[in-house]
Structure formats: C-alpha cells, structure tokens
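Hi there,

Here is the structure I promised to pass on. Have a look first, and my notes follow below.

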Amino acid sequence: MPSMSIPTQHLLLGGALAAASLALGYQLGARSQTPAPPAPPATLEPDAKAVEVQEAEEEGSDEDDDDDEDLADGNLAEIKPGFMEPCKMVLIVRTDLKMTQGKISAQCGHATLACYKALMKTNPKLVQHWERTGQAKIALKAKSEDELLELEAIAKSLNLCARSIQDAGHTQVAAGSRTVLGIGPAPVALINQVTGHLRLL
C-alpha cells in the first residue's frame, strides 16, 4: 500500500471534519425550525382592571362620531402656527360623572381621533406641525356638561377644532352624556385662552 505524504493526510482529515461539521449544522438548523408546541390556555380569573379595559373596548364604536359636526366650526384652516411654535391638544374630562380610568381613557381616545379626523380634512398642515413638534396632549378637568358646552362654544368662536363625545350609555354613564371635550391641536397660547384656567386631571 503506497504511503501518503503528510500534507495529503491533512487534506483528507480536514475534508472529513468539514463534512461532519456541515452535517451537524444541518441537523441543528432543522431542529431549530421545528415549531414549539402551543402554550396551554390561561385559566386565570380576570382582575378588575382587565374587566374595566374590556368594557372600554366594547364601547369603542358607541360614541357619536358625526362627520357633519364640522359644519358648525369656524374657519379651521385659518390657524397657521409659526415655525416650531409649540402646539397642543387638550382633553377636558367631566369629573361629575365619576368615570373609571378605563372609561376616561376610551373617551379621551374618541375625542383625540375626532379632532384629528376633522383637522386632517380642513387643515392637514396644522396636524403635521403638531406631529413634528411632539403631539402634546393635556388632560384637564371640567365639573359639568354645561361647562363643556361653554368651552366648546368659546373654542369654536376662535376657529379652534372642538369635538365633544356623547356616550351611547352601554356601560357606566347615561346615554347621550357628554363625557370629554377635545380641543385642538393648535398653538398653545391660543388654546390657553380657552382652557388656561382649568386644572390638570
């Protein structure tokens, strides 16, 4: 049997090691792609906060989101903030209704979206400016529906976007109750003319 030179033996040994490494890598890769078995369903009882959040989600489409409401607005396109002028949106929440945190969050979400949709139709540059400067949103307190209506009228007289949310009454408050008033977004100084006296929620 002819004897092999040492370099030839090294080549054969290296080739065998490479083939073994490839085979092992393939097997490990195939195993890692096998999906893990699904986790068993949770059987825990929901806590109070989970129930509250679920209630808030269930009422998601209950609110009156009437697109014709923007007919009562002033000239929303008139507001043109200066370059990098701070803008904000305020969400004024009625405290006399004693809404839970989940309910308040849902109602504020409805008011934010209503204002956003109205201004995207009439003054998209203002919305883009607000988005670029941080999308500030401030939650404030109001004591009654009459106070909300008064603030809404003042805001609209200044050509601000103002949207009040009326609840459908499926969960915590009576049907037709105005829960939250959204104003803006608009320059901070202009909104403060309407809401500067209100306290933070």
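For the touches listed in this email, contact means heavy atoms within 4.5 Å. Please also keep in mind that this is a predicted model.

Let me start with Thr133, which sits in the loop between helix H4 (124–132) and strand E2 (136–142). Leaving aside residues up to four places away in sequence, Thr133 touches Met84, Glu85 and Cys87. One of these, Glu85, is 48 residues from Thr133 in sequence, yet the C-alpha atoms of the two are 7.9 Å apart in space. Is Thr133 buried, partly exposed or exposed? Its relative accessible area is 25%, so Thr133 counts as partly exposed; the buried class is for values under 20%.

The other spot is around strand E3 (residues 162–166). Four of its five residues are buried, so E3 is largely enclosed by the rest of the structure. E3 pairs with strand E4 (residues 178–187) in the antiparallel sense, over five bridges. In one of the pairings to look at, Gln166 has Arg178 of E4 as its bridge partner.

The loop between E3 and E4 holds Ser177. With a relative accessible area of 11%, Ser177 is buried. A polar atom of the Ser177 side chain lies 2.7 Å from the backbone oxygen of Ala174. Again not counting residues up to four places away in sequence, Ser177 touches Arg94, Ile165, Gln166 and Asp167.

Definitions and conventions: Residues numbered from 1 in each chain as written. Predicted model: local features only at pLDDT ≥ 70, side-chain atom pairs only at ≥ 80, totals over all residues. Heavy atoms only, no water. Buried < 20%, exposed > 50% of the residue type's maximum accessible area, 1.4 Å probe, protein only. Helix = DSSP H or I, 4+ residues; strand = E, 2+ residues; numbered from the N terminus. Pairing = 2+ DSSP bridges. Polar contact = N/O pair within 3.5 Å; in protein donor to acceptor, adjacent residues only side chain to side chain.
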